[in-house]
Amino acid sequence: MPATARSRLLREAERRGLYAERYELRGAALALQSNTSPEILIAGPAGTGKSIASLVKLHRRASHERIRGLIARKTRVSLTESGLVTWEEKVVGPHHPVVVNGPRRRFREAYQYANGSEIVVAGLDNPTRIMSTEFDVIYIQEATELGPEEWESVTTRFRGGVDASTTQLLADCNPDSDTHWLYQRCLSGATTLLQSVHEDNPYLYDAARREWTPAGVAYMDRLDKLTGVRKERLRYGRWVGAEGMVYDDWSPRLHVIPRADLPTMRYYVASQDWGYTNPGVLQVWGVDGDGRMYLVKEHYRTQKSIEWWKTTAYRAWETYRFVVITCDPAEPGFIAEYRASGLPGRPALPGLPALPAFNGIALGVQAVQARLTPADDGRPRLFVCADALDSVDSLLRPGTPRWSLEERPRYVWALGANGKATKEEPVDANNHGMDAERYAVAHVDHVGVPASHGGRPVAAAPRPIVDAARDQYRRFGVR
Ligand SMILES: Nc1ncnc2c1ncn2[C@@H]1O[C@H](COP(=O)(O)OP(=O)(O)OP(=O)(O)O)[C@@H](O)[C@H]1O
Ligand SMILES: [Mg+2]
C-alpha cells in the first residue's frame, strides 16, 4: 500500500477511535483487557508494554461506554512527560478529535469524547482535582511511587450506584522491593497482580518466529548491562532488595571476589569507625595500579577498648604498611591516641598515620556509588574480598550484620511520609562498616581534604594521592 494511502487510513482509524486497535495484545496485556477485578496491577520489567495495555483498555472503555476516567501519576509533571505522550501519540492517536481539539499537552486537564466520555488527567501532587470528582475507571501509572494512603484515598473516588461491577482501579509499575506495600497488597489478595514479561511485547519479541526482534535484541542488551537490584527488577521483573538501598548498584556477583583474585597493590589505606556498644570497624583497603580499591581486611567488634583497637591497627599496619588510617572525626581523643607513639611493651614504635576522615555523608556516598557502578569495561572500581572479615564477634546480637558485607543490603535511605525513599540521607543504622568504607573512599578519591591539612570539605581535591601517600610515608618514617 502506498505510504500516503496508509497514512490516510491511519488518520481515519484515529478519527474513529480505532487507532489503538492496531496493537496485538498478548499475555498479561491481553488478560488485562477482560479482567474485571476491582483493583488490578500489571507489573513487570522495563518496556514490556504495561502502559500501552492499560491505556488501550481505558481508551476502549471510553470509546464504547459513557464513562468518566482518570489518568493519574504521583506528579503531574512526570505524567505529562511519560504517560500522556504514550496516550496521545500511541493509543488515542495524534489525529483523534479529543487530541486535536484540546489545548497543549501540558495544560490538558481532560479529554472529551463525542459520546460524552471524559478522561481527566491529574497528578497526586494536586489531589483536590481528583478528590472532587467521581470516576468509573482510574489508571495509575508507576503506582509504586504512591504511598499506601494515596492509593486508598484514590479508591474512594469511584462512582458508586451506577454499576459498582464496572468500576476498576488499574495500575502499572516496575517491581520494587518485596516489602513494598503494593506488592504486599497483591500478596494479601486485595489487588490482583498480572505479571507482564518482555515476550508479551510484539515490538520486542516475534512470537511466531520465537525470537527477539532487532529492536528487542538492542533493548535487552541495554537491560543486560544494568547491575544490582535495578537489573533484578528492570531486566527480570523481580520484587527484590531493600526498600531504598543506598548502594543499589551493589551486586555480590560483581563486587565480591576471592582472595586469589586480588591484584598486586600499589598502596594500602586503612579506615576506622569508632564504636563500643555499636560495632567499631577497622578496614584495610588495597589500591591497585588502576586506582581500584579492594577491601582486604576488616575488624568488626563491639566492646573493645581504644588500647585493643590500637594494638589491632598496629598489627594491620605491620602487615600492610597502610599510608593513612582515616578515622571517624567524632573522637579526636582516639585519633590522638593512634598518633601517639608506643604501645605497652613497645615504647619505641612510631605513632599510627591517623587523620580525621572527611565526613560529608552525601558526597562520600556519591563517591562510593560512583565506584560501585561498572565502568565502560564492565568492571566496578571497588571490590570486597570474600574473606576480608578477620573473625566474627560473638557478642553481636543474632540477626544483626556481622561485617560490612552484611550491612550493605540493609543500609537504606530514610523514607519520606509517602513511604518512598527520600534519597537525601541514609538511615543511621547498619552503617558502621559503610562509614569506614566511605572514609576510605573519600580519602583515596580526595572527597574533601582533612581539616588537619588545611583543606576544606569540598569534592574537588588539589593534590594527587601519590603525593599525599609519599608525605605520609615520610612523616611516619616509612620508605
Ligand atoms: N502490543 C504492542 N504492540 C506493539 N508495540 C508495543 C506493544 N506494547 C508496547 N509496545 C511498544 O513497546 C514500547 C514500550 O511500551 P510501554 O511504554 O507500554 O512499556 P512499559 O512496560 O510501560 O514500560 P516501562 O516499564 O518503561 O514503564 C513502546 O514503544 C510501545 O510502543
Ligand atoms: Mg510504563
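This short talk walks through one predicted model, from the whole chain down to a few single residues.

Before the structure itself, a word on conventions: residues are numbered from 1 along each chain as its sequence is written, while chains are lettered from A and ligands numbered from 1 in the order in which they are written. Since the model is predicted, local features need pLDDT of at least 70 and side-chain atom pairs count only at pLDDT 80 or more, whereas totals for chains, interfaces and linings use all residues.

Let me start with the chain as a whole. The chain has 18 helices and 18 strands, where helices (H or I, at least four residues) and strands (E, at least two) are DSSP runs numbered from the N terminus. Taken along the principal axes, the C-alpha atoms fill a box of roughly 95 × 50 × 40 Å. Of the 479 residues, 40% count as buried; a residue is buried if 20 or more other C-beta atoms, placed from the backbone, lie within 10 Å of its own, exposed if 12 or fewer, and partly exposed in between. Among contacts between residues at least 6 apart in sequence, 69% join residues at least 24 apart, a contact being two residues whose C-beta atoms, placed from the backbone, lie within 7 Å.

How is the chain divided into domains? The assignment gives domain 1 as residues 3–234 and domain 2 as residues 252–475, with bounds that come from an automatic or database domain assignment. The C-alpha centres of domain 1 and domain 2 lie 46 Å apart.

Seven strands make an open sheet with mixed pairing, in the order β3-β4-β2-β5-β6-β1-β7, and two strands are said to pair if DSSP finds at least two bridges between them. The edges are taken by β3 (110–112) and β7 (192–195), each of which has a single partner strand, so one side of each is left without a neighbour in the sheet. From one strand to the next, the twist averages 15°; axes here are lines fitted to C-alpha atoms, for helices over the stretch in contact, and angles run from 0 to 180 degrees between N-to-C directions. Within this sheet, β5 (residues 137–140) and β6 (residues 168–173) run parallel and are joined by four bridges, with I140 standing opposite A171 in β6. Helix α2 (residues 27–34) packs on the sheet, where it touches β1 (39–43) and β7, and its direction makes about 145° with that of β7.

The other sheet is again open, with seven strands and mixed pairing, and its order is β10-β16-β13-β12-β11-β14-β15. Here β10 (256–257) and β15 (354–356) stand at the edges with a single partner strand each, so one side of each is left without a neighbour in the sheet. Helix α13 (residues 306–320) packs on this sheet, touching β11, β12 (280–288), β13 (293–301) and β14, and its direction makes about 15° with that of β12. Strands β11 (residues 265–273) and β14 (residues 325–327) pair in the parallel sense over three bridges, and S271 has T326 as its bridge partner in β14. Helix α14 (residues 332–339) lies across β14 and β15, running at about 160° to β15.

Now to the ligand. Which residues come nearest to ligand 1? Of the 18 residues around ligand 1, these are G49, K50, S51, I52 and Y203, a residue being near a molecule if its C-beta atom, placed from the backbone, lies within 6 Å of it. Both α3 (50–64) and α5 (83–92) supply at least two residues of this shell, and α3 gives the most, with three.

I will close with some single residues. R66 lies in the loop between α3 and β2 (68–73), and R66 counts as exposed because it has 12 C-beta neighbours inside 10 Å. Leaving aside neighbours within four places in sequence, R66 is in contact with N115, G116 and S117; the C-alpha atoms of R66 and S117 are separated by 4.7 Å, although the two residues are 51 apart along the chain.

Most residues other than glycine have a negative phi. E142, which is not a glycine, has a positive phi of about 50°, and E142 sits in the loop between β5 and α8 (148–155). H446, also not a glycine, has a positive phi of about 55° and is found in the loop between α17 (432–444) and α18 (465–475).
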